[in-house]
Amino acid sequence: MGASPPHAPRGAVTLSLCFLIALLEGFDIQAIGVAAPLLIPALGLTPGQAGVVFGAGMVGLVCGALAGGWMADRMGRKPLLMTSVGVFGLFTMATVVAGGPVSLGLYRLLAGTGLGAAMPTLVAIALEIAPPDRRTRTTTLMFSGMPAGGALAALFAAGFLARFGWHSIFVAGGVLPLLLLPIMAWLMPDSRTAAAGGAQRPAGGQALFGGGRLLVTLLAWFTFGMTLLVLYLLLNWLPSLVAAKGLGGKGGAGAAFAFNVGSVIGCGVIGLLVDRFGPRLPIIAAYPALALSLFGLAGANSLLPVLVLAGLAGFFLLGAQYSLYGIIPLYYPARARGLATGASIAAGRLGSIGGPLVAGHLLGQGWGPAGVAMAMVPVVLSAGVAAAVMTVRGRYAGD
């Protein structure tokens, strides 16, 4: 499984391409949110229709993660990843010709399917090209492209949407993945390791729940679901919550940018700690630290503390989340790791659907920005308990 020194340059090229794919995924996921203030009135969407459209993208992510995880164990990584990139690029581009909620929702559903299918494939590639002592670092480095892409989408929106319209961000988000395809075809080596030996591949239920893995699987799904609930609540509502503290739109944008920057740094630092000391201490410590960051964010009312605490929230939240991407597959047989990863990501995506809805409900009940942040503290702590038990009880299945 580990990459040998003669293949290090090839591994570096593959990792760079995967980082770019993750960056473009982060850009696309964030694009609909930053374009919404212009897109919704332009297409005459009601709030209910807009909610359905945003939800369609998340449903696509769930379906794509399940399908991509299953296919990642049955076909070459390269053709599956190229197909996924082509699908989310094509249907992101198609967003610009949407004429109403039905077509827009369909395009977001299909784009989300491509995005979701790419994620377990990226994890599988990272595990294949990384030496055993650098697996988590490799995974977190690759997935740090997603918050970097989210930050890039925010910068793009600030610089170009007012001038070129909401279509521009979807043109960029669709063209760039399609331009990446010929580069992938030329530079990325294929891997059919997981597709070989199909007769020895365990059945899905046995792979996920057999061999004493029932508890680990359920804990992984719960941890992913609760973590992504908090993540997508912050991605969708952090700017609005900060602005509601009286810090204005610029304060909200600054907090979102700080969150993404902190996420990129956290991916590298926590991934390094997991590889050096094992998953238990870094993962177990990350969740209480995240809870403290949210507690502090709830009470902060001036810009500098808000920026620092938003950055720390991103550091611990994404650092823990993406480290788990590199850890959880190792609890399963090698030929079922794509399925296990896809199932965990899909469970997390169900949480991501709930996050924005929870925030909207709490705000509608008069909780205010501080109340919403405080409400996430027990959610984070429950995810931390599940992650702690999982890392203590889980046993690596071997290669």
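## Nonpolar surface, cores and salt bridges

Helix α9 gives the largest share of the nonpolar surface patch, six residues, where helices (H or I, at least four residues) and strands (E, at least two) are DSSP runs numbered from the N terminus. The model is predicted, and local features therefore need pLDDT of at least 70 and side-chain atom pairs count only at pLDDT 80 or more, whereas totals for chains, interfaces and linings use all residues. Residues are numbered from 1 along each chain as its sequence is written, and side-chain values use heavy atoms, with hydrogens and water left out.

The patch covers about 680 Å² and is made by Leu152, Leu155, Phe257, Val261, Ile265, Val269, Leu273 and Phe277. The elements that contribute two or more residues to the nonpolar patch are α6 (145–164) and α9 (214–277). Patches are made of residues with over 30% relative accessible area and no salt bridge, with like charges joined within 9 Å and nonpolar side chains (Val, Leu, Ile, Met, Phe, Trp, Tyr) within 5 Å; accessible areas come from the Shrake-Rupley method with a 1.4 Å probe, and for residues only the protein chains shown count as cover.

In soluble globular proteins, nonpolar side chains tend to be buried together. Here the largest nonpolar core has 93 residues, and those with the most contacts inside it are Leu81 and Phe143; helix α9 supplies the largest share of this core, 20 residues. Such a core is a set of buried Ala, Val, Leu, Ile, Met, Phe, Trp, Tyr and Cys residues joined through side-chain atoms within 4.5 Å. A second, separate core of 21 residues includes Leu45, Val53, Val96 and Ala98. When neighbours within four places in sequence are left aside, Leu81 is in contact (heavy atoms within 4.5 Å) with Cys18, Ile21, Ala118, Thr121, Leu122, Ile125, Met184 and Met188.

Cys18 is itself buried, with a relative accessible area of 0%, while Cys63 is partly exposed at 41% relative accessible area. A disulfide is taken as a pair of cysteine sulfur atoms within 2.5 Å, and a search of the whole structure finds zero of them. The sulfur of Cys18 is too far for a bond, because the closest cysteine sulfur, in Cys267, is 15 Å away.

Helix α9 also contains Thr217, which is buried with a relative accessible area of 0%. Not counting residues up to four places away in sequence, Thr217 touches Leu208, Phe209 and Tyr332.

The count of salt bridges comes to two, a salt bridge being a side-chain nitrogen of Lys or Arg within 4 Å of a carboxyl oxygen of Asp or Glu.

| Salt bridge | N to O distance |
|---|---|
| Asp28 and Arg108 | 3.2 Å |
| Arg137 and Asp275 | 3.1 Å |

The pair of Asp28, in helix α1 (residues 8–43), and Arg108, in helix α4 (residues 101–129), links distant parts of the chain, 80 residues apart, and both Asp28 and Arg108 are buried. The pair of Arg137, in helix α5 (residues 135–143), and Asp275, in helix α9, likewise links distant parts of the chain, 138 residues apart. Arg137 is partly exposed, with a relative accessible area of 28%, whereas Asp275 counts as buried because its relative accessibility is 18%.

Methods:
Buried means under 20% relative accessible area, exposed over 50%, partly exposed in between (1.4 Å probe, protein chains only).
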